[in-house]
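Reader: Hi! Could you walk me through how the parts of this one touch each other?
Author: Happy to, here it comes.

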Amino acid sequence: MKKALLLAAALAVTTSASAAGKLEIFSWWSGDEGPALEALIKLYKQKYPSVTVDNATVSGGAGTNAKAVLKTRMLGGTPPDSFQAHAGQELIGTWVVAGRMEDLSSLFKSEGWDKVFPKDLVKLISTNGKPWSVPVNVHRSNVMWYNPAKLKAWGVTAPKTWPEFLKTCSTLKAKGVAAPLVVGENWTQQHLWESVMIGTLGSANWENLWAGKLKFTDPKVVGAFTTFGKVMDCANKDASGLSWQQASDRIIDGTSAFNVMGDWAAGYFTTTKKLAPNTGFGWAPAPGTTKTFVMLADSFGLPKGAKDRAEALNWLKVLGSKAGQDAFNPLKGSIAARTDSDLSKYNTYSKSAAADWKSNKIVGSMVHGAVAPESFTSAFGAIIDQFVASKNSAAAAAAAQQLAVRAGISK
Amino acid sequence: MKGLSKDRLWSIAVLTPSIILIAVFVYGFIARSVYVSMTDWGNDPAQALALNPIIRFTGFANYQDLFTGFLQGRFRQELVSTIFFTLFFILGCLGLGLGLALILDRNPRGEGLWRTIFLFPMSLSFIVTGTIWRWMLQPQGGLNQAPTLFGAPPSTFAWLSSTDAIWKFDWNKLPLLTASVVGFVLVVMAVRAARSGDRTRTLVAGGCAALLFLWALIIGPNIKMLPAPELHGFNFALIGIIIAAVWQMSGYTMALYLAGLRGIPEELREAAKVDGANDLGMYQHVIFPLLAPITLSAMIVLGHISLKIFDLVYAMAGPDNINTSVPALNMYLTSFRQNQFALGAAIGTILLILVAFVIVPYLSSQFRTEEGHA
């Protein structure tokens with residue numbers, strides 16, 4: 001046993017010595033998102049030509065496969081030099097609380113990131129004032145998509161509040177639209193849930209909910225669950241069989257009027273469906289969330305015990321830089337987390353999102369890991385499924401509260 | 001030293017590596033999982049993935065949580081689902097497999113070709129089967145469009161996304177139901193024993209049944225596992241998955257039955273015919289009894305496949321669909337997404353016990369017959 005350890009140690013020493021200037025980055029960006037990551041790596045290589053970059057991607061399942069592989073690597077004591085994680089509690093609740101990440105406060109100070117990233121964002125990626133990861137991109141979760149031509153034909157407009165939405169819903173049902181709202185498989189329903197919650201409770205209560213200051217069993221939250229139930233009554237019944245793309249298709253073909261989905265849908269509409277923004281597809285903030293930007297972000301952190309720490313720090317510097325963010329985001333279809341990005345490089349939708357990013361109140365998304373840890377998000381899917389079947393708000397709220405206690409959000 | 005002949009030494013030397021490997025990688029890991037299932041590893045997120053996690057022994061707390069915890073309704077539904085799935089999957093495979101074997105046994109034209117065709121689905125992986133059937137069972141496509149071929153309107157059955165269920169029962173009544181079923185079986189055993197004149201057996205079985213019923217009448221109704229009634233039943237969304245699984249595995253049962261049918265000597269059939277049995281009678285009294293051991297092995301093989309099923313459900317309905325979910329899927333999500341390793345290990349242990357219920361009696365009976373032969 002001792003011999004084997006010695007041998008392993010010797011091997012580790014020789015490999016790190018021979019490959020001075022090596023960097024391994026771990027992500028789930030492949031396929032459509034591959035070129036965006038390549039652009040970042042290219043930028044890094046221009047700055048640090050002597051470093052060999054090992055781009056370790058584990059594709060599939062919106063990162064679920066990658067996260068499983070990452071866990072085995074971290075537990076096995078061979079962390080990658082830097083890895084992708086959804087910014088916020090998904091990283092904090094899993095890796096920071098376990099004491100396996102390095103505090104990036106000094107990096108944020110030396111690069112002046114405290115000033116260029118919005119305050120609300122820095123708060124979301126920090127605990128006790130210590131930031132744990134560098135956000136690369138920003139997506140918006142609370143966007144309602146529609147087909148402008150169809151809305152005109154039906155004679156309705158995009159509703160501004162959830163009660164107004166329910167009115168529009170019954171108008172559309174009277175006109176023979178069986179399902180005015182389209183949702184897809186479980187996570188898209190959770191996605192809708194968070195927009196209904198924020199739109200009903202307001203962004204301040206949403207923040208309190210995740211800070212443990214507002215209980216899920218509070219009458220306000222139970223009431224918002226009831227609203228969510230009414231909203232789901234407007235939705236299609238075959239939801240769990242649809243991917244988010246299939247749900248978006250139903251907006252285009254006019255089967256349904258509205259869909260609440262993150263702004264990656266804009267990329268799907270323009271690139272895959274070849275539709276023009278504002279004419280082929282339209283968007284508005286989800287009802288009740290007009291001045292709120294519900295964000296999710298991908299970020300990279302620095303695990304303790306990274307073999308090439310210096311190179312990883314340089315990588316994080318590139319990620320946070322203006323050049324890095326403006327190289328990555330136009331290709332990924334997201335906006336920069338920095339507020340000083342060069343908007344001429346972005347498309348029509350992204351320009352409008354970037355304007356909101358600067359002016360709106362920023363809160364974090366639950367289903368995409370910004371405000372809730374994986375232990376909450378993953379089990380919350382079952383609560384939503386049970387609620388959609390039973391429509392029992394009190395029971396769902398009580399279950400969510402128990403889950404929040406178990407996940408350490410609430411007491 | 002006579003016992004340790006060269007032959008014996010050789011056999012020990014050859015067997016040792018595999019014994020050690022199995023001891024470590026099978027039984028060692030089973031023991032480790034069972035131990036982990038009795039700790040609180042992962043219940044506190046901060047300890048789940050820490051370098052030196054503090055892990056406390058908590059006994060059966062995780063099991064108690066799974067069966068009576070407010071948040072674990074998903075697991076209980078999965079347990080019910082898996083029982084229904086196993087039942088219909090085995091019945092479907094046995095029925096279809098036997099039917100196909102009986103047809104092929106009559107030596108139709110191109111028998112070899114048919115045999116290959118029916119056996120072929122088994123060569124696919126469950127992921128491939130699942131993907132194909134997911135397409136076929138789409139709400140607006142595939143199977144639902146089939147009626148239009150005959151001019152009928154398309155079907156609207158929500159194969160995999162249905163949220164309806166039948167045969168619902170309250171989980172609180174589970175101890176009562178179990179006691180009644182076991183009691184009933186004991187009564188049947190007692191009656192049988194009485195008929196064959198086995199007095200001690202009659203008394204023991206009858207006594208146990210009486211005790212169980214007494215318990216069910218007096219204590220059972222007052223037991224409350226959960227604060228509120230919780231209904232579980234057979235979800236319609238499972239039907240599609242059962243169809244896909246039967247499609248894949250019925251060819252295998254057909255092959256088993258065909259081998260069994262071919263193994264029945266022609267003389268027996270002729271003798272039955274000479275004794276005046278018609279076709280029906282011959283199958284009922286001669287052939288089916290001879291196929292019973294094959295049915296048993298098929299049930300064992302299918303039973304453990306269906307209890308452990310994961311990939312088919314994952315491919316067909318995704319991981320986050322509680323109406324089609326099964327315990328193996330939950331085990332994966334609980335351990336590797338929610339980082340609740342102890343709870344995941346507890347689910348795994350329950351699965352192991354379920355599979356053991358199927359496998360162990362079979363193995364022990366096999367072992368006994370082999371000993372008998374030797």
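**Contacts between domains and chains**

Author: In this predicted model, eight residues of domain 1 of chain A are in contact with nine residues of domain 2 of chain A (C-beta atoms, placed from the backbone, within 7 Å).

Reader: Which elements give two or more residues to the domain 1 side in chain A?
Author: Those are helix H4 (89-96) and helix H17 (348-359) of chain A; helices are DSSP runs of H or I with at least four residues, numbered from the N terminus. H4(A) has the largest share, four residues.

Reader: And how do the residues on that side of domain 1 of chain A divide?
Author: Into one nonpolar, six polar and one charged. Asp, Glu, Lys and Arg count as charged, Ala, Val, Leu, Ile, Met, Phe, Trp, Tyr, Cys and Pro as nonpolar, and the others, Gly among them, as polar.

Reader: Where do the two domains of chain A run?
Author: Domain 1 covers 14-137 + 298-350 and domain 2 covers 143-288 + 373-406, with bounds from an automatic or database domain assignment. Their centres, taken over C-alpha atoms, are separated by 30 Å.

Reader: Switching topic: how many residues does each chain put into the contact between A and B?
Author: Chain B gives 26 residues and chain A gives 35 residues. On the chain B side, H2(B) gives the most, with three residues. That side divides into 14 nonpolar, nine polar and three charged residues.

Note on methods
Residues numbered from 1 in each chain as written. Chains lettered and ligands numbered in written order. Predicted model: local features only at pLDDT ≥ 70, side-chain atom pairs only at ≥ 80, totals over all residues. Contact = placed C-beta atoms within 7 Å.
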